[in-house]
Amino acid sequence: MKFNSENAYKYTEDLSFPRSPGSEGEKKARDYITDSFKHKELDVEIQEFKFSTFPLSVMARIFLLLLITMQIFMYICYDRNPLYSVLISFAVVSLIIASTKWRKNYHKLYNVPWKEKTSWNIIGRKIKEGASKNLIFLAHYDSKSQTLPAFWRATLFAAALGGSFFLIGITTIFAIYKILDWPVPLWDKSLLFYLCVITNIALILLQLNRSGNRSPGSLDNASGIGVLLELAKILPEEMNNTNLTFIATGAEEDGLCGAVKFMEEEGYKYDKEKTYFINFDGPGAEGNIIITSAYGIPPFHTGGLLTPLSLKIAKENDYPVTKGYIPLGAGLDQFPVSVYGFPVITVSSGKLFSKIIFAIHSEYDTMDLISRHALERSGNLCYRMALEIDRYF
């Protein structure tokens with residue numbers, strides 16, 4: 001049975017309305033997906049969960065304020081005590097690197113009493129008698145808008161991250177020169193001052209970013225749900241040796257909360273050697289298929305055998321494909337999955353320099369961004385991956 005992009009497009013269109021976590025739109029999307037799973041004769045479970053918004057709304061801002069403070073002290077100490085400046089530089093680097101890796105103990109922060117919300121994971125299962133393998137598809141169904149468009153958020157993150165590392169590097173070199181009583185340029189303090197100012201302005205502007213409920217979220221991530229629902233329709237009849245699970249995760253935009261909850265409650269039930277996760281996040285835009293299988297600094301690779309399998313199938317079908325990598329500043333549902341030791345990739349699509357980067361998380365994330373061709377390629381890629389896993393893994 002062939003992946004039908006028209007069906008995926010229709011699902012995407014039906015879900016293209018604002019649906020931020022805790023809104024009536026989220027409940028409407030939940031009910032739509034639940035009905036769709038039931039219509040496809042899947043065993044449906046609605047996993048309700050409560051979560052704190054503390055990690056995203058408070059902890060993230062505390063981290064940025066701490067980074068600003070440490071960089072200011074690094075500049076001040078440069079002239080007064082260069083050794084302290086070097087020590088602070090290493091502390092800042094350690095803090096940035098530590099912040100790029102997801103850890104299980106982060107999950108405790110979702111229990112901190114702070115503006116608690118309720119959301120739901122919608123789980124559809126098709127269990128095959130005697131099957132030893134598990135293939136789990138995920139896509140978040142919530143959306144959000146933000147004060148700063150994606151382009152400016154990315155620009156500010158790049159300025160803050162690049163500026164921080166440049167400031168740290170130059171400060172460390174000049175401070176060591178001063179400790180050794182070697183000559184330093186006359187403009188050393190001026191350079192460090194302007195680097196500190198530019199970097200901290202970028203960090204302060206990121207503090208001003210706020211979330212809302214104006215985005216229809218067609219690409220992010222109604223298109224992911226569209227692909228997931230069509231696969232839920234066609235795959236169960238094709239699989240012989242693999243149990244299928246389809247998860248529409250809630251509250252991804254509030255800190256990957258649905259994926260965190262699923263892994264906490266269900267992760268221990270699966271064999272890490274025979275379970276594979278494929279996440280969809282924005283697979284409906286024209287451009288290259290993007291296979292994200294690494295994140296953090298240095299890169300933490302999460303794909304296992306899924307990465308070469310996806311690239312092989314893309315090549316066989318002449319699909320343009322790019323390997324994705326997220327060093328810092330964005331989150332995907334694959335992060336909490338990966339810390340449990342399961343192979344996981346995220347499938348997206350698009351072009352780097354296009355209107356997408358101005359539309360994500362805004363009222364302009366509409367069906368104008370959605371390509372039937374892109375939906376077909378993303379869906380067919382994962383359909384063929386599922387068949388290979390079922391037959392050969």
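The following legends describe close-up views of a predicted model.

Local features are given where pLDDT is at least 70 and side-chain atom pairs at pLDDT 80 or more, whereas totals for chains, interfaces and linings use all residues of this predicted model. Residues are numbered from 1 along each chain as its sequence is written, and side-chain values use heavy atoms, with hydrogens and water left out.

**View 1. Crossing of helix α1 (residues 5-14) with helix α7 (residues 218-234).** The two axes come within 8 Å and cross at roughly 135°. Axes are lines fitted to C-alpha atoms, for helices over the stretch in contact, and angles run from 0 to 180 degrees between N-to-C directions. Helices (H or I, at least four residues) and strands (E, at least two) are DSSP runs, numbered from the N terminus. α1 and α7 are therefore oblique to each other; angles under 35 degrees count as roughly parallel, over 145 as roughly antiparallel, 65 to 115 as roughly perpendicular and the rest as oblique. The crossing of α1 and α7 is right-handed. A crossing has this hand if the near helix is turned clockwise from the far one by less than a right angle, and is left-handed if anticlockwise. From α1, residues N7, A8, Y11 and T12 meet S218, A222, S223, G226, V227, L229, E230 and K233 of α7, where contact means heavy atoms within 4.5 Å. The residues of this contact of α1 with α7 comprise five nonpolar, five polar and two charged. In this division, Ala, Val, Leu, Ile, Met, Phe, Trp, Tyr, Cys and Pro count as nonpolar, Asp, Glu, Lys and Arg as charged, and the others, Gly among them, as polar.

**View 2. Packing of helix α4 (residues 82-99) on helix α5 (residues 150-179).** The axes of α4 and α5 are 9 Å apart, at an angle of about 155°. That angle makes α4 roughly antiparallel to α5. α4 passes α5 in a left-handed crossing. α4 contributes P82, L83, S85, V86, S89, V92, V93 and I96 to the contact, and α5 contributes L161, S164, F165, I168, T171, T172, A175, I176, K178 and I179. By class, the residues of the contact of α4 with α5 are twelve nonpolar, five polar and one charged.

View 3. V86 counts as buried because its relative accessibility is 9%; buried means under 20% relative accessible area, exposed over 50% and partly exposed in between (1.4 Å probe, protein chains only). Not counting residues up to four places away in sequence, V86 touches T172, A175, I176 and I179.

**View 4. Buried face of helix α9 (residues 306-316).** L306, T307, L309, S310, I313 and A314 are the buried residues of α9. Seen down the axis of α9, these residues fall within an arc of 165°, so they line one face of the helix; the arc is that of the directions from the helix axis to the C-beta atoms. An α-helix has 3.6 residues a turn, so residues three or four places apart point the same way. The cover over the buried residues of α9 includes β7 (275-280), β8 (288-295), β10 (321-326), β11 (344-350) and α12 (372-392). K315 and E316 are exposed on the other side of α9.

**View 5. Positive phi values at D318 and A251.** Most residues other than glycine have a negative phi, and most peptide bonds are trans. D318 is found in the loop between α9 and β10, and its phi is near 55°. D318 counts as exposed, at 69% relative accessibility. A251 lies in the loop between β6 (242-249) and α8 (257-266) and has a positive phi of about 55° although it is not a glycine. A251 is buried, with a relative accessible area of 0%.

**View 6. Cis peptide bonds at D220-N221 and I297-P298.** The bond that joins D220 and N221 is cis, with omega about 10°, and N221 lies in helix α7. The bond that joins I297 and P298 is cis, with omega about -10°. P298 is found in the loop between β8 and β9 (300-301).

View 7. T245 is buried, with a relative accessible area of 2%. Leaving aside neighbours within four places in sequence, T245 is in contact with I123, G124, R125, L135, I136, F137 and Y270.
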